[in-house]
Amino acid sequence: MSDNTTLQYLTFGLGEEVFALETGSVREVIELVSVTRIPKTPPYMRGVINLRGHAVPVVDLRIKFDMPKAQDTVNTCIIIVDVEVEGENCYMGAIVDSVREVFEMTSDQINPPPRMGTSIRADFIRGMGKQNEEFIMILDIGKVFSPEELQVLRSTEELEA
């Protein structure tokens, strides 16, 4: 990748921290809707939602990142992302405190993730960007979910079939 490749990122907030996802992996942002809990799933798996007739698994990113649980607010929303499971693309929802904006950054503005000092696992972070003097952690959505967790997604899709 050359140093002047420009990519678009969707920024969102979790507590005081700002995160971003490459817009290529984001399908849509929806308001928080009723989530049906699935028994015997990890605490961060909030459950599934019905998105135009499809069961979409939803993860609470605060719990996934070991952040304190927060009350849902009018700003709480679900980012629908595309993740690859065993070579197939699947939709997944991520509950975040608020969605901020889409902005562009060139690849040379992105620094490697820090070795320490963040509350989330370094392998979840693709890089660090900066916007208006504020650091933004750019997530690698493919690493945020482990193969076992993605297997849970497969089983929810099979429930729907």
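Buried means under 20% relative accessible area, exposed means over 50%, and partly exposed lies in between (1.4 Å probe, protein chains only). By that rule, Phe-19 and Phe-65 are both buried.

This is a predicted model: local features need pLDDT of at least 70, side-chain atom pairs count only at pLDDT 80 or more, and totals for chains, interfaces and linings use all residues. Residues are numbered from 1 along each chain as its sequence is written, and side-chain values use heavy atoms, leaving out hydrogens and water.

**Aromatic pairs**

Rings of Phe, Tyr and Trp (its six-membered ring) pair if their centres lie within 6.5 Å; planes under 30 degrees apart count as stacked, over 60 as edge-to-face, and the rest as tilted. The count comes to 4 aromatic pairs. Two of them, both tilted, are tabulated here.

| Pair | Centre to centre | Between the planes |
|---|---|---|
| Phe-19 and Phe-65 | 5.6 Å | 40° |
| Phe-65 and Phe-124 | 5.7 Å | 40° |

Helices (H or I, at least four residues) and strands (E, at least two) are DSSP runs, numbered from the N terminus. Phe-19 lies in strand β2 (residues 17-22) and Phe-65 in the loop between α1 (61-64) and β6 (77-85), so their pair ties together parts that are 46 residues apart in sequence. Phe-124 lies in the loop between β8 (98-106) and β9 (125-131), so its pair with Phe-65 ties together parts 59 residues apart in sequence.

Phe-65 has a relative accessible area of 1%. Phe-124 is buried too, at 3%. Phe-12, Phe-19, Phe-65 and Phe-124 form one aromatic cluster.

**A charge over a ring**

Such a contact needs NZ of Lys or CZ of Arg within 6 Å of the ring centre and within 35 degrees of the ring normal. The charged end of Lys-64 sits over the ring of Tyr-44, 4.7 Å from its centre.

Strand β5 spans residues 54-60. How many of its residues are buried? The number is 5 of 7, and the strand is mostly covered.

Two strands pair if DSSP finds at least two bridges between them. Strand β4 (residues 45-51) pairs with β5 in the antiparallel sense, over 6 bridges. The two form a hairpin with 2 residues between them. In the turn, Arg-52 has a positive phi of about 50°.

β5 also runs parallel to strand β7 (residues 88-96), joined by 3 bridges. Val-59 takes part on both sides: Met-45 is its bridge partner, and Ala-94 in β7 stands opposite Val-59.
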